[in-house]
Amino acid sequence: MEAEMLRYSPSSSVMLRPTVLSLLLACAVSLGSSTVILENGMPLMWAQTWGQVTDLPTQNGILNPDPWNVLHRMSLYRLMISATDSYMGCMGTNATDNPIWGLPLQLGWMKTSGRLADPTSTTTCGLQTGDPMCISTQSWWGCVNYFTSALPFLSAAKQGFMGEGVQVQMQVPEGVTDFCTTYTDCAALYPDVMAKWDAFFEGLKSAKDSPLPDNEKKDYLLGIYWAAQMVSTHTSAMCSARKSHYSSVEMSFAQNWVNSAEYVSAAHFHSNLNNSARFLTPLPNRVLKVGDSPPNIADLSEDENHTLSIFSWMSNINTLLGGSLVRMWKSAMCSVTTREKGRELLNQLLLDPRFATTSFLSIISGMTTSC
């Protein structure tokens, strides 16, 4: 699918969420933005990732990737995309229509915005002047992303997508004990997460030869994909202790980012490369700090400031309505047809920010009555 990529040696470096995409973001952004998440049309650092399972490090015949290295974690996504592409014909005709593409784009944004670096500043992990490919185990963002990278890869391997009988054990930094590293361990600690990812990978196989029309297959696969994303997002609450390393402004944004998955998942959003890039590009290009007050953060672009403002606005509206905004949206996403309309609405909101604030509630109400 891609041109031959450069091989990266792990010895040369310390390597919706959900991807989670955002309706809230869609309400806010215009097409321009300063955040770079693509490189030659692909996720950042894609040319340095591994394209074959046999490229991964092994120990005693067991695959032994290091998910605390950006390139290793990015390689897990590339291998999952490659292994599932032949099951994704209903998604479209483009080579980048696989919904898993949203996840490496999200990881690239986390990396380039400094969110994978050590927030305690006690190490140089993740710093350009230190170990730039290192993902800190103290990073809340890196911790949350672990549940949508390492865990689905372990599930994919268990379901045979990485080859018959392939076993995987993730590396873990010395002294770190709160992350599962094998399928068996993860299934014991997080049975719902692994069950949902298993259901997704099993669903790919069953849907391939299904007589259903492609639009219904697509809706079904996106549904089980986002179900896995959502349970991963909810389970990542185990990362909460790491929130204390960040400013209240950053954590408010982070919580709104997590909450946005409720809208995206309900619509079975098609998180292919192009759609994901449009939603992720206007996210803030650095960690927010004390004193940052959108929409007036001087060193962020107008799009980034607007995005942060709308995140807060939508969250506040939902809170004032006692959560009914999210409930209304979920109720409206009640069929293949309304979910298709919901996905179209997300794209319309992206192209016309004024449309979101003047018509959003009335559109949702109308869609709900059609269920």
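Trainee: Starting with Asp-292, is that residue buried or exposed?
Mentor: This is a predicted model. Asp-292 has a relative accessible area of 12%, so the residue counts as buried, the cut-off being under 20%.

Trainee: What does Lys-289 form with Asp-292?
Mentor: A salt bridge between the two side chains, at 3.9 Å from N to O. Lys-289 is partly exposed, because its relative accessible area is 44%.

Trainee: How many salt bridges does the count come to?
Mentor: Eight.

Trainee: Switching topic. What does Arg-339 pair with?
Mentor: Asp-219, in a salt bridge whose closest N and O atoms are 2.7 Å apart. That pair links distant parts of the chain: Asp-219 sits in helix α8 (residues 214-235) and Arg-339 in helix α14 (residues 336-351), 120 residues apart.

Trainee: And are Arg-339 and Asp-219 buried or exposed?
Mentor: Both Arg-339 and Asp-219 are buried.

Trainee: What about Glu-262, which residue is its salt-bridge partner?
Mentor: Lys-330, with the closest N and O atoms 2.8 Å apart. Here too distant parts of the chain are linked: Glu-262 is in helix α10 (residues 261-266) and Lys-330 in helix α13 (residues 324-332), 68 residues apart.

Trainee: Why does Glu-262 count as buried?
Mentor: Because its relative accessibility is 18%, and buried means under 20%. Lys-330 is at 40%, so that residue counts as partly exposed.

Key. Residues are numbered from 1 along each chain as its sequence is written. This is a predicted model: local features need pLDDT of at least 70, side-chain atom pairs count only at pLDDT 80 or more; totals for chains, interfaces and linings use all residues. Side-chain values use heavy atoms; hydrogens and water are left out. A salt bridge is a side-chain nitrogen of Lys or Arg within 4 Å of a carboxyl oxygen of Asp or Glu. Helices (H or I, at least four residues) and strands (E, at least two) are DSSP runs, numbered from the N terminus. Buried means under 20% relative accessible area, exposed over 50%, partly exposed in between (1.4 Å probe, protein chains only).
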